[in-house]
Amino acid sequence: MPPASDYRDHGLEFPPEFVIGSATASYQIEGAAREDGRGPSIWDTFSHTPGKVWNGDTGDVADDHYHRWESDLDLMAELGLQSYRFSIAWPRIQPGGKGAINPAGVAFYSRLVDGLLERGIRPIATLYHWDLPQELEDAGGWPARDTAYRFAEYAARTAEALGDRVHTWTTLNEPWCSAYLGYGSGAHAPGRTDGAAALAAVHHLNLAHGLAVQELRREASNDPDVSITLNFHVIRGDDDTSPEAKRRIDALANRAFTHPILRGEYPADLLEDTAGVTDWSFVRAGDLAEINQPIDVLGVNYYSTVTVRMWDGVSPRSTNDGHKDMGGSPWPGSRDVEFLPQAGPYTAMGWNIAPDGLEELLLSLKEQFPQQPLLITENGAAFDDVVTVTDAGKRVHDDERVDYLVRHFAAAHRAMQQGVDLRGYQVWSLLDNFEWGYGYSKRFGIVRVDYDTQERILKDSALWLRELIATRRLPASPLAER
Ligand code: FCB
């Protein structure tokens, strides 16, 4: 990591139109899992299956945001957020994933959107952050083509209801996770371990995105921005075999999504690498044209890098790519790629802190897709926070999280100086929340949540973000001051 003094110069300024806010997702914060007609999702089933989630944690109650939405909105206003990225739970809108909408579910999000607008905060709504209605999984899930059409219908109904007020729509959050962790490694819901199913899921998620973009444009009346959020893999490695390993992981992780979506084609090397797993016959004539819809912004989630080489077939092999990979290998067709330990420092997730990876990623996206505006839809860090009780109340001095954010905002700023058309930055996450397979053991919030009392405590990172938004200048890291 560069010496702290590199980060002291905070002449760095962000223009007013650079939208700074924070992000969450429905299953991670809402709770109220069985209220107001919400149907079960794959994450309800998965988290209630013994052994799948740390400590047996579930999203049944989470941050109880479903009941506390109004005070949570006040908190966002207190921080001066310009935007709030949240996700809509499909099983609240259509409990079984198809047919008539559930008015109570729509009403919840309608109140939320109105509440944001009243407070001058832009709503960025994600249609799918992993809570697939269980009935659709029972009918085949994402490996089944019909799920893409069901998603398009859900997108249309939701846009009809909220499309006069939402500023930016994101179709899918990180389809990489849905496909490869959900159906490949089994680390995420629904927990299947079938490489061919994972690749079929990749295609049907891409198709779902393309169909939903068209529905959003048809049904939303306020000419919204439409986007998708991808978790790009920034891939490193300096072994002789690393270039080949990099190419393979880049194909599966990055180009399997960017190329159909932004170029209307699947990369030839992806099809070749995975030929032993599937013949891709689920790609039908006309699908790529449906997928290849112009999008207003491309959502970028970035946390850390990966380092790879090809496995020599002899030495003990590491398949853990370090990102939520608590199951088997999520890489169909490239199981002979090896993921290597990376230099620290690390967050509490064990993820390496590499802000230069964000700069590199943004520059590489600019080079590959020069006309495509970008938006950071997630970046942030988990650390083991400590609550300090002072006369002035409870505080969390999360200097490491602030330092992480300073370094990554500075990296984004460097990329913008080099011509990247970056429209904004959504910090993950507003609240500590249900971190998927890790349950409540990992805290990403800039606001601490006491899960016993549901008390919210602003961490120093929240105060730091408030200052950044208010002044438009990057405040220095507390660690740089030492
Ligand atoms: C991303 C997810 C988000 C959260 C962060 C830490 O992969 O989109 O829900 O879990 O990681």
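R192 is partly exposed, with a relative accessible area of 30%, in this predicted model. Its salt-bridge partner is E137, with the closest N and O atoms 3.0 Å apart. The two residues sit in distant parts of the chain, 55 residues apart: R192 in the loop between helix 8 (175-185) and helix 9, E137 in helix 6. E137 is buried, at 9% relative accessible area.

**Salt bridges**
- The model holds 37 salt bridges.
- R247 and D269 pair through their side chains at 2.9 Å, N to O.
- R247 belongs to helix 10 (residues 242-263) and D269 to helix 11 (residues 268-273), so this pair ties together parts 22 residues apart in sequence.
- D269 is buried at 17% relative accessibility, whereas R247 is partly exposed at 26%.
- Shared partners join E244, R247, R248, D250, R255, D269, D273 and D336 into one salt-bridge network.
- D64 and R68 also form a salt bridge, with 2.9 Å between the closest N and O atoms; D64 is buried at 13% and R68 is partly exposed at 31%.

**Q134 in helix 6**
- Q134 lies in helix 6 (residues 134-138) and is buried, with a relative accessible area of 15%.
- Its side chain makes polar contacts with the side chains of T45 (2.7 Å) and D138 (2.8 Å).
- Leaving out residues up to four places away in sequence, Q134 touches P40, S41, I42 and T45.

**Nonpolar core**
- The largest nonpolar core has 148 residues, of which W43, W142, F151, F409 and L465 touch the most other members.
- Helix 9 (residues 195-219) supplies the largest share of this core, 13 residues.
- Beyond four places in sequence, the contacts of W43 include Y27, V53, W130, H188 and F434.

How values were computed
Residues are numbered from 1 along each chain as its sequence is written. This is a predicted model: local features need pLDDT of at least 70, side-chain atom pairs count only at pLDDT 80 or more; totals for chains, interfaces and linings use all residues. Side-chain values use heavy atoms; hydrogens and water are left out. A nonpolar core is a set of buried Ala, Val, Leu, Ile, Met, Phe, Trp, Tyr and Cys residues joined through side-chain atoms within 4.5 Å. Buried means under 20% relative accessible area, exposed over 50%, partly exposed in between (1.4 Å probe, protein chains only). Helices (H or I, at least four residues) and strands (E, at least two) are DSSP runs, numbered from the N terminus. Contact means heavy atoms within 4.5 Å. A polar contact is a pair of N or O atoms within 3.5 Å; within protein, one must be able to donate a hydrogen and the other to accept it, and residues adjacent in sequence count only if both atoms are side-chain atoms. A salt bridge is a side-chain nitrogen of Lys or Arg within 4 Å of a carboxyl oxygen of Asp or Glu.
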